[in-house]
Each structure stands twice: as C-alpha cells, then as structure tokens.
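An account in running paragraphs would be welcome.

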Amino acid sequence: MIAIVNRNRWRETLAAAVIAGPALLLGGCINISAPDKPIVIDLNISITQEVVYRLDSKAQSVIQQNPGVF
Amino acid sequence: MKFVTKIAIAALIAAGTATAAGAMMLPQDRDPAYAAARAAGQVGEQPDGYLGIVGEPTPQLRALVSNINIRRKTLYTQSATDEGSTVEQFAFVTGCRLILATEPGEKYQTPDGRWMTRDSSPPVRDARCLSNGQ
C-alpha cells in the first residue's frame, strides 16, 4: 500500500515536471525587437586633416581609374 | 637577318601598343545591375568608403554590394600600402569624395547613420572631409 502511494506521488511529480518544464522555458524566452534608432556606424577612425590632404589626390585617381567599382 | 630583326622589333612594338591599348580600355563602366540599384536608391555611399544597402536587404543586393565592396577593399589596401596610411584612412578619404560625387536622387549616409537622398545642396559629410574635393 505504501509502495503504491509512493508510486502515485512519483507519477504526479513527473507529470508536474512535464508540464512545468516547457512553461519555465517559455517564461525564459527573451524577446528581441529591431532597434528603431538608426544604426550608428563607427567612424571613430584616427585621421588628421594633414593625412586627409595627403591621401586626397590618390583617392581621386583610384576612383577615376576604376569606374566600375565606384 | 636584319630583316628578321626588324620584323621582330616591329612585332614587339605592335604587341606593346596592343597591351597599352588594352590597358587603356580596361576601366569598365558600372555593371548594369549596380547602376540600376544606385539609380533606384537601393544602395548608397557610406562615409567609410564602402557601399551600403539602404532599405530591406535582398540576397541579390547583398551579393551586389559585397562584390563591389570586396573590390573596393582591394583597391584601398593597395593604395594605403603605397601611401603609407591605414586601409580605413584611405577608405575614409575616398568615401568623402564618393559622397560628394553622388548625383541628385542617389543615396548617401550621413556621419550619424541616416540615409539621405542627394539633392542639389551639398551632402552632409564628416567634418574632416575636404570641402573643395572633387
């Protein structure tokens, strides 16, 4: 008799676990929504005005010589 | 013997001229799909010197943009090595020019990440860009 009661309890526990398990998993879901702000691109590059001047003419010629890429 | 030498020299000159002519004709215009995507405002110029997708990305647009950007990065890397700068620096300076060179109706990205349609007014660019470029 004691053995049967114990077996029933074990079944109840198992049933509870089967139901509660997915419920816990669902509760743990993280909702990710797309940001409504524009994505800020990282322009945090280190460049001085002097370097900009120095590279500018080469940049111009690269653009002119490769019209299909730009 | 002399005649043979002359022919050989003539052949060499001809070959050299042909190569030079080939090199002169090498720069190809934009791929029609790329030109169409630009005109439709589906792609635009970013301040970092690369092309970006403006709206919803499609596999076709992704492929187009990455193809262009891979080729750009190759050029930036070569040029940066020649100029003794970083690739990012060279790409940035080129990007300044590319945004300035956009035509009315084409898209470009501002330094704070907004996509703008170029109109007749000067584009919004990074403060480090040269104002008298192009």
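A residue is called buried if 20 or more other C-beta atoms lie within 10 Å of its own, exposed if 12 or fewer do, and partly exposed in between, with C-beta atoms placed from the backbone. Helices (H or I, at least four residues) and strands (E, at least two) are DSSP runs numbered from the N terminus. The model is predicted: local features need pLDDT of at least 70, side-chain atom pairs count only at pLDDT 80 or more, and totals for chains, interfaces and linings use all residues. Residues are numbered from 1 along each chain as its sequence is written, while chains are lettered from A and ligands numbered from 1 in the order in which they are written.

Helix H4 (87–100) of chain B is mostly covered, as eleven of its 14 residues are buried. Among them are B:Phe90, B:Phe92, B:Cys96, B:Arg97 and B:Leu98. The buried residues of H4(B) pack against H2 of chain A and against E1, H3 and E3 of chain B, where contact requires C-beta atoms, placed from the backbone, within 7 Å.

Helix H3 (residues 59–83) of chain B has 25 residues and reaches 35 Å from its first C-alpha to its last, close to the 36 Å expected at 1.5 Å a residue; the expected span is 1.5 Å times one less than the number of residues. Its buried residues include B:Leu64, B:Ile68 and B:Arg72. After H3(B) comes B:Gly84, with a positive phi near 70 degrees.

The two helices meet at an angle of about 110 degrees, their axes 8 Å apart. Axes are lines fitted to C-alpha atoms, for helices over the stretch in contact, and angles run from 0 to 180 degrees between N-to-C directions. Angles under 35 degrees count as roughly parallel, over 145 as roughly antiparallel, 65 to 115 as roughly perpendicular and the rest as oblique; H3(B) and H4(B) are therefore roughly perpendicular to each other. The contact involves, among others, B:Tyr76 and B:Ala80 of H3(B) with B:Phe90 and B:Ala91 of H4(B).

Chain B also holds an open sheet of four strands, in the order E2-E1-E3-E4, with mixed pairing; strands pair if DSSP finds at least two bridges between them. Strands E3 (residues 107–109) and E4 of chain B run antiparallel and are joined by three bridges, with B:Tyr108 opposite B:Met116.

Notes. Two residues are in contact if their C-beta atoms, placed from the backbone, lie within 7 Å.
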